[in-house]
Amino acid sequence: MASPPSDQLLLRTAATTTSTATGTAKPQFRNKSSSTLTDGIIFIGGAMAAMLLVWVLWSFVDHPGPNNFSTSVADPKTTTTTASEVFTAKYDCSINLRHDPPSPTFYDDPNLIYSVGGGEPMKNWDEKRREWLKQHPSFAAGVEDRILLVTGSQPSPCRNPIGDHLLLRFFKNKVDYCRIHGYDIFYNNALLHLEMSSYWAKIPVVKAAMLAHPEAEWIWWVDSDAAFTDMEFKLPLDRYREHNLVVHGWANLIYETKEPSWVGLNAGVFLIRNCQWSMDLMEEWASMGPQTPAYKEWGQKLRSTFKDKLFPESDDQSGLLYLMLKGKQRWAERIYLENQYYFEGYWVEIMGTLERIGERYEEMERRMRLLRRRHAEKVSEHYGEAWESYLELERERDGNGGKGSWRRPFITHFTGCQPCSGDHNQMYAGESCWQGMEKALNFADNQVLRSFGFVHTHLLNSSSVSPLSF
């Protein structure tokens, strides 16, 4: 997340700088010789004063020790710049939130349109974004890994009596994950295109987020009914360097069959690069939406292409699959189908595993005490990396990737549950949806509460917590 301006909050080393003027004192000439006794007394008094001064200064120095948690802070009146301050300033990567030069950018174009399907599509976005970053250099450092998470819900209250509470908890879950990893988050509950509602509503939001956040390399859409259930895992961005869109999917269900499946991927969670390719994809994708005259025709075409599609309307997921099938060179080659971990996992196959996964992690913590060490929440990524190293060893020992067995699922997606409307899929009871959500959210919350010294007493009891023993 953006840091305060560097001129307001410059990180400094915790050391007190004491500037003293040292030199040879001017000799004091006397008119007559002092006695030896007098000189001795003066000498002893001066020595004692010097020792007292050393003791006072020494008491201000921060000495390491088991019970010493004080931090020395530089005197704000001191104007002397130390070598450590120069080093800190030179390598300070703080983002300057108060700098916006008057020279024109794409924002000054009166024809700029944030939504999709109206006016001239965005052109030369890569060059415009690059120029903006050039004018805002504090955002340029680390831009290749900067992520903006985008999510949202409907503008009106939920029909389901517990729907608004569930959405609040899902949002808290995403905020927790973003805070731990330093990501910005945007929650939207307004229809940015009145005719694009339901699953189509995400497309205008994602495009608007690209324009509103040129400093972000990736826009990460996560459906409102999806929860992070591994708060320490981070996206392996290096794996996606040559791609512009990441979705959870399976190539064999899309390309390697005579009848491609409309569940060959899930469009409820996706990571999309902030670039011209993505702008073009947004426009092409939106052309199948309910705001276009060809909406009904697209519904028929998509259903005839995907025989297992159960409803006649054109939807975002089938639309993306269609683009991948018909535009392999233009679209599919830049789309990464992730299935090596739960980029988003179907909740039904996950719910029965959470207790055992929790027990397995506790077993690993007992074998490796570092994993259970108390620490500040701000340094959680350090322990997340330690976990990844240890999980690698476990994976080699077990001979599998841990997916669906003992590894925490990264994102659990409650597809078909509809927490806000309550109109869940009839394949399962609504009660199983709501209990599953509570269990998954508490499973994730336990990982957050650890840094605060507490844990839920039971995954199906959101109200009760107990102190965590180490």
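Student: In this predicted model, is N124 buried, partly exposed or exposed, and what is its relative accessible area?
Tutor: Buried means under 20% relative accessible area and exposed means over 50%. N124 falls in between, so it counts as partly exposed, with a value of 48%.

Student: Where does N124 lie, and what is its phi?
Tutor: N124 sits in the loop between α2 (83-90) and α3 (125-135). Most residues other than glycine have a negative phi. N124 is not a glycine, yet its phi is positive, at about 55°.

Student: Which loop holds Q418, and what is the phi of Q418?
Tutor: The loop between β9 (411-413) and α13 (430-449) contains Q418. Q418 is a residue other than glycine, and its phi is positive, near 50°.

Student: What is the relative accessible area of Q418?
Tutor: The limits are again 20% for buried and 50% for exposed. Q418 lies between them and is therefore partly exposed, at 38%.

Student: Which side chain of opposite charge is nearest to E215, and how far away is it?
Tutor: E215 is in the loop between α5 (202-212) and β3 (218-222), and it is buried. A salt bridge requires the charged atoms to be within 4 Å. E215 has no salt bridge; the nearest side chain of opposite charge is R146, at 6.1 Å.

Student: With which side chain does the side chain of E215 make a polar contact?
Tutor: Residues that E215 touches, not counting those up to four places away in sequence, include R129, W132, F139 and D184. The polar contact, at 2.6 Å, is with the side chain of H213.

Definitions and conventions: Residues numbered from 1 in each chain as written. Predicted model: local features only at pLDDT ≥ 70, side-chain atom pairs only at ≥ 80, totals over all residues. Heavy atoms only, no water. Helix = DSSP H or I, 4+ residues; strand = E, 2+ residues; numbered from the N terminus. Buried < 20%, exposed > 50% of the residue type's maximum accessible area, 1.4 Å probe, protein only. Lys, Arg positive; Asp, Glu negative; His and termini not counted. Polar contact = N/O pair within 3.5 Å; in protein donor to acceptor, adjacent residues only side chain to side chain. Contact = heavy atoms within 4.5 Å.
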